[in-house]
Amino acid sequence: MTQETVNGPEGTTIDPADAEVIPLRKRDRDAFGEWVAELPDADREAAESDDVAEGQVVDLPEQVYPLSLAEMMKAKDEARRPILPPWLTVDAERRAFARWLVHHYRETGAYHLVRVPLYSAKLTAYAPRGAWRWSASTCRWVFDAEGAPIRAAAVQAGDAAEYLRLSRQRNGRVKLRATIAVLAGALGLALALAVWVLAPAWVDVLAAAAIVAVLGWAGTPADRPVIEGARVKFRARKLTSDIVVRAFVSAGLTTKDQGIAFPRPIVQEGDGWRVVVDLPYGKTFADALNAQDRLASGIDVAPTQVFLDKDVSSARRVSMWVAGTDPLAVSPGRTPLLHTDRVDFWKPIPWGRDERGNEVMVTMLWLSLLVGAVPRQGKTFSARTIALAAALDPFVRIVLFDGKASPDWRGFRKIAHRIGFGIVPRDGVDPVEHFVDSLTELKADVEDRYHRLSEMPLNVCPEGKLTPEISRNKRLNMPLTVVIVDEVQEYLQHPTHGKLILELLVYLARVAPAVGVSVLVATQKPDDKACPSVLRDQHQARFSLKVGSWQVSDVVLGAGAYSEGLDASRLLRSHKGVGVLRGMTDEAGIVRTYLADGSDAEVILTRALALRTDEGTLSGDAIGEAAPGAESGSILDDVAAVLGRGEDKVWSETIVDRLAELSPETYGPWAALEPKPKAEQLTNALKPYGIATEQISRRVDGKTVNRRGILREHIAAAITERNRNRVAD
Ligand SMILES: Nc1ncnc2c1ncn2[C@@H]1O[C@H](COP(=O)(O)OP(=O)(O)OP(=O)(O)O)[C@@H](O)[C@H]1O
């Protein structure tokens, strides 16, 4: 027999000397006449062995797969609990707790203080009963009433010796106690007389009140306490793993048999609980997000109390914060700007608080912000808080236009570089034209900044970018600028200027932030018609207060927001000033914006005016400087201003009459002419713009009257053409 090594399992070699010889028997021949041998199979033998119990753990013990040191340290780091609870280490939480403590005890104290007369009356009423109870128990003590049952038992048992011993003991005790009682009574009486005679009247009253109070307290029935609790007792709720499992099962995210895993213990975090859950394999964060309302129902809280956060370590891991009460219904209070003398707009500003009470600091540097919501949810107020912060930095230029002409922005008139309200001309000024002029001025400024910054020496402008020093250098005239447009849809839908405004805003939102000109646009109609996506898409930062559906929320916050767990339609109507912020801070999430109402705004703006006057930074409309190009306001703008919204064609005479109302000085003489020359004045004035009058028929008193007039589309086309040329220049 030749000796050679043979291949064993997995590349090992076996010395034939060590090999086991398996005898082949005749019955081991298979159907085809080949020899077959049954080789030893350790696994099968183990499986067939009676020693393997059903349900035995089949995984290899953990030490077979040792964690690397780095993994072990990471796991331990993650599992370590903070030394101090978060509310002790976070400044804002600590301050909030101190504030709560003072508030709580002040309220409780006040509650009891107003009830002192009631408590006094109750104590006085219960005092006789207290006096009776006290004398009865004193008598029982003096006469050793507590020993009576034992003495009676000795009598019943006929135990004379025991009875005599107890009687002797009782006599001695009664003697001693009676002496003590008489002495204490005499002493008390003497003290009472001394107080009565010697002490001032108020001490007498106080002593009498104290005695009545003590007796009243002693006489109070057990079921009717004198002092009622200042708090309603409520069922303290605690989030347990059972409740969480119940919620996930009822939300359809797992089954009773599958369950869920808790990689970390449930911990209290702020006014709520933090739960980290591993869903069954195959389930994802998106599934949990879709089931958010059902989860809330399973935990038995409002949907607005459940916050789901993605966990980057696994697609099936969900970090959930369950608030103890609806945190969004709690106002974060007044804006801290009220107590701020001056703001540095280069640094983040306080805008509000998140659902856990942490302050949210935001910055408008290098970005554009879109704010959207249904009406009356706090869109204007939240945008205004940012504008107020900008106002308190005297070196920030403010350009502000409000399409709705609400009173909310009027106070900015005293400090804004350019400002306008509504879309209807008033006092000879067309706010929409003013807006176009201001945007044109801004566009020119932005282009100029790009050139000048790139041409500046490196020691002044190290990275070709605006710096705080450059922005505050008045000679360079490149201040940080914030352009705020509230109710932007009013301007965008303007029949004459809408298209150009859209073009200019798109340009500014896209290009201007990089040179220190930020754009904040707010709208209650974020749809494609009122605020086209070409404009929305230029905004890196989005803030959506309550909207009607998750689809609208995605329109405001940007595509994909819903799948990240951001849905502003889940907010309630009562959540005023609360919105979802995306793209401005590191993490997207809820902001409960600080409130600055009309009078707060006025206080801040008065301070802002003083700051700007001191620094000499008031400019533009605030000091009556017109925008370049504004003087070139022509007959075209005036005719556009007097055309009604729905009017497509108007007779020339009517237009001249309206022009005379708009600007009596300029057009008054025209209006005074006879109908024919009156109309001719207009025809001649519009000729240089290539606009000819047209025949327009109208029904007057049941008859059709034909006169020459002007078509809106001709005026709009001429203005667009003129403005395009102006912007290009
Ligand atoms: N941060 C806030 N905290 C508390 N209440 C607020 C807050 N912001 C706004 N509100 C309340 O909501 C009301 C509406 O706010 P605001 O005028 O800003 O809404 P809006 O969305 O701009 O409305 P509209 O679209 O009609 O202009 C305010 O009058 C105020 O009472």
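Leaving aside neighbours within four places in sequence, which residues is Ala-391 in contact with? The legends below begin with the model and return to this point in Figure 2.

The structure is a predicted model, in which local features need pLDDT of at least 70, side-chain atom pairs count only at pLDDT 80 or more, and totals for chains, interfaces and linings use all residues. Residues are numbered from 1 along each chain as its sequence is written.

**Figure 1. Two residues of an annotated binding site.** The unreviewed UniProt entry lists Ala-373, Val-374, Pro-375, Arg-376, Gln-377, Gly-378, Lys-379 and Thr-380 under "binding site"; UniProt positions are given in the numbering used here, feature names are shortened, and annotations may be inferred rather than shown by experiment. Ala-373 is found in the loop between strand E9 (369-372) and helix H12 (379-391), and Pro-375 lies in that loop between E9 and H12 as well. Helices (H or I, at least four residues) and strands (E, at least two) are DSSP runs, numbered from the N terminus. Ala-373 is buried because 28 other C-beta atoms lie within 10 Å, whereas Pro-375 counts as exposed, with 11 C-beta neighbours inside 10 Å. A residue is buried if 20 or more other C-beta atoms lie within 10 Å of its own, exposed if 12 or fewer, and partly exposed in between, with C-beta atoms placed from the backbone.

**Figure 2. The largest nonpolar core.** This core has 91 residues, and Ala-391 and Ile-398 are among those with the most contacts inside it. Its largest share, eight residues, comes from H12. A nonpolar core is a set of buried Ala, Val, Leu, Ile, Met, Phe, Trp, Tyr and Cys residues joined through C-beta atoms within 7 Å. Leaving aside its neighbours within four places in sequence, Ala-391 is in contact with Ile-398, Ile-415, Ile-604, Leu-605 and Ala-608; two residues are in contact if their C-beta atoms, placed from the backbone, lie within 7 Å.

**Figure 3. An open sheet of four strands.** The strands follow the order E3-E4-E6-E5, and the pairing is antiparallel. Strand E3 (267-268) and strand E5 (306-310) stand at the edges with a single partner strand each, so one side of each is left without a neighbour in the sheet. E5 pairs with strand E6 (residues 317-323) in the antiparallel sense over five bridges, and Asp-309 stands opposite Ser-319 in E6. Two strands pair if DSSP finds at least two bridges between them.
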